[in-house]
Amino acid sequence: MLPNKYKWHSEEEPKQGNIVNKILYRRGIQDKAEIESFLTPSKEQLSSPYLLNDMDKAVERIQRAKNNGEHIVIYGDYDVDGVTSTSILFMFLTEQGYSVSYYIPNRTEEGYGLNKGAIEKINQYASLVITVDTGIAATEEVAFANELGLDMIITDHHECQEILPKAFCVINPKRHDTTYPFDCLAGVGVTFKLIHAIAIKEDVVDKIWKYIDIVALGTIADVVPLEKENRVIAYLGFKQMKETEHLGLRALLDIVQNGDQKITSNVIGYQLGPRINAAGRISDAKIGVELLTTKDEERAKIIAVELDLENKKRQEMEQSILKEAEAYIEAHVDTKNEDMIIVAGKEWHHGVIGIVASRILNKYYKPTIVLTLEDGIYSGSARSVEGFNIFEALTHVKEHLTRFGGHEMAAGLSLEEDKLEAFCRDLNAYAKTVLNEELLTPALDIDLELRPEEISIGICEELERLEPFGVCNPTPTFAVRGLVQYAQKIGGDKHLKLAIQSHHTVLHAIGFDKGELADCLSEGEEVIIACEITKNVWNGKVSVQLRIKDIMSSEQAILKSRYYRALYEVCKEPKVPSGVELIKDESHGNTSFAVFTEHSLMEIFTLMSKHEKKVTILPKICYNDFWSLKEAPAIFVMPHKAHQDNSQCYEWDFTSEGTYRCLNTSLEQHTLQISKMVPSYTDCKSVYKYLKHQQGSVYLHKIVEMFMSYDMTEYKLLQILDIFTELELIAYSIEEEKVIYTLLKGNKTKLEHSRRYMRLQEFAQSMKKR
């Protein structure tokens, strides 16, 4: 079977409705009013900002500052969420006649969040500080500000720790005592709520919607769930961004957009966001605020160019640190056995290690922490996989940390140098209690299965109604079946170009960073593609293109492949059946069947699957041993003898002797299967000739497909490789579904000199006589 990266998940599809309604139904949006609300986001769907705890108190204090002539400082963060939060609040308060300025800490010199040095400076010229996108964990710093008589209004969206800072007031939808109906706003969303609340009191609500495009920018960049209020913000913001009145945003769009590129989450997440982030990561985040707030068109263009250059520097720095981090992992981390990856370096730039952590996580799909040492302190960033709350994990080892903060999927932390070993030990121990194979296998949700002939430009246009896409509203993923027409590497062998055919319909697909799969695929084999359906514009012509996320073999091919691998594991040398007496088992106590031939597996699988239609294998099938399943599997394939009592044996198991009870006493299917188990002289000769012309590495699946006309199976191929090893013709191992081998230079030999080969021939002959 094809090697695939993901565990596919699909649910029963609704039988009625258009494609949009089917997808929404699958995602839990089923009521007619809910569907209408989702497809037509509007301002009216936003909740009152006064539902947030302490909002009335914050507005009263801010207005009092204006009336008393006090100076207000906005204390921001250096990422896109912080920069956009600072920008919109600064512009709004300035326009409303407040005395206001902003302060963003230098990432390298001051680190994340509030710090006492900054508070001391601010106290010299201001009496009120409003934090945006930061402050929820700054209990000590807020206490220090209180001692100085400096009022602090905390607005944040990060996870709250056990004790809230004793600020003048704390606005955070994640407060444990929250009265707000939606707790997933970005920091800029919370800031916009504060603006909205002030605007209501001052009767200027109409003036605040011009900021919605910047709010959308920060919301998308902070990767919060695009549902409910966040969807409304993104939807309205994208519409406004096309005609934005913010000169800096317009200048940055002009740099990243080639022509009239559509505003999407990808444009923001991968093009706008990184450029604004670059300033805070490697120079000064205040440049980003200046870009978004400037009224000077020429200055806006100059800053946009500067940020573009900073982003290129950031990319170079990122690649350098990533290379060092990979070297560290190779030397110090057992990636096969350790559930977390913790990387420690020296003097890596603080602004880039978070991105490096994300890159490492994407490669290994394990929670990752990247730390850098400076002046005896390790500080760094953590990134996690779905289902493993990294903030909660850090809370369990907080005795080793000097500070930490964040949320379920990402966090920042620092610790003293001599605490690193204990921190790693205890965190890995905690991870062992939570993480399992299921959590460490990335899941891929399939929205619908479509026939190739159903896919058209019209479908692409229908799907646009679901935009904007993002977390909790991902671009729909479809399963599409077809026969491989061709598969080739493109882009310096990095990417995959594929065409599949079904009846008279041919679809073209592209798989970025999947070029290696071209080495697996064979013309004419049936595959299922997990993909997005996109429009491709080339030379003025618009066509449908599938964007590949993953590829797997058909269910039947997967069943067959897993069966023959399981057969090999427990039955490398099948017994000659002369000494076995098969007795029909009349008992009916078990509901699970143990099967031992390909035919029986397919027969039972077909019977069990008749009334269900899904992309993935439906019955619970267990190979060799029991898995940790809540329910007993329906089919056991080649169970070890120790487990056979837990199920009803359907037929002879290829290895038992003496009296053997089973439901089917015929050996007909065993005999018919011999050609798929026992290699002939021609089989061995052809495989050896093929290996001689490869480069020492070839996918197991590719060899099986190449010799399908020889009745090749994984079982027979592995037997051939073992025979070659016994004869000292090759040395081989199986790594990530590849046969890694070396041809050995030795004397010529005969297959008859192999004990394994001769035993298999004896087995084949005895089965035919039986």
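Modeller: Start with R61 and E70: both are buried. They form a salt bridge, with the closest N and O atoms 2.8 Å apart. Keep in mind that this is a predicted model.

Colleague: How many salt bridges does the structure hold?

Modeller: It holds 44. One of them joins the side chains of K363 and E326, at 3.2 Å from N to O. K363 sits in helix α15 (residues 353-364) and E326 in helix α14 (residues 297-332), so this pair ties together parts 37 residues apart in sequence.

Colleague: Is K363 buried or exposed?

Modeller: Exposed counts as over 50% relative accessible area. K363 has 52% relative accessibility, so K363 is exposed.

Colleague: Which residues are linked in a network of salt bridges?

Modeller: K262, E461, E464, E467 and K535. Take K535 and E464: their side chains meet at 3.6 Å, N to O. K535 is in strand β17 (residues 526-538), while E464 is in the loop between α18 (457-463) and β14 (478-490), 71 residues apart. K535 is partly exposed, at 36%. E464 is partly exposed too, at 32%.

Colleague: Now the helix. Which residues of α6 are buried?

Modeller: In α6 (residues 116-123), they are A118, I119 and I122. They lie on the same side of α6, because they cover an arc of only 100° around the axis.

Colleague: What do the buried residues of α6 pack against?

Modeller: Strands β2 (71-75), β3 (99-103) and β4 (128-132), plus helices α5 (107-110) and α7 (139-148).

Colleague: Which residue caps the N-terminal end of α6?

Modeller: N115 does. One of its side-chain oxygens lies 3.2 Å from the backbone nitrogen of G117.

Conventions: Residues numbered from 1 in each chain as written. Predicted model: local features only at pLDDT ≥ 70, side-chain atom pairs only at ≥ 80, totals over all residues. Heavy atoms only, no water. Buried < 20%, exposed > 50% of the residue type's maximum accessible area, 1.4 Å probe, protein only. Helix = DSSP H or I, 4+ residues; strand = E, 2+ residues; numbered from the N terminus. Arc of directions from axis to C-beta. Contact = heavy atoms within 4.5 Å. Polar contact = N/O pair within 3.5 Å; in protein donor to acceptor, adjacent residues only side chain to side chain. Salt bridge = Lys/Arg side-chain N within 4 Å of Asp/Glu carboxyl O.
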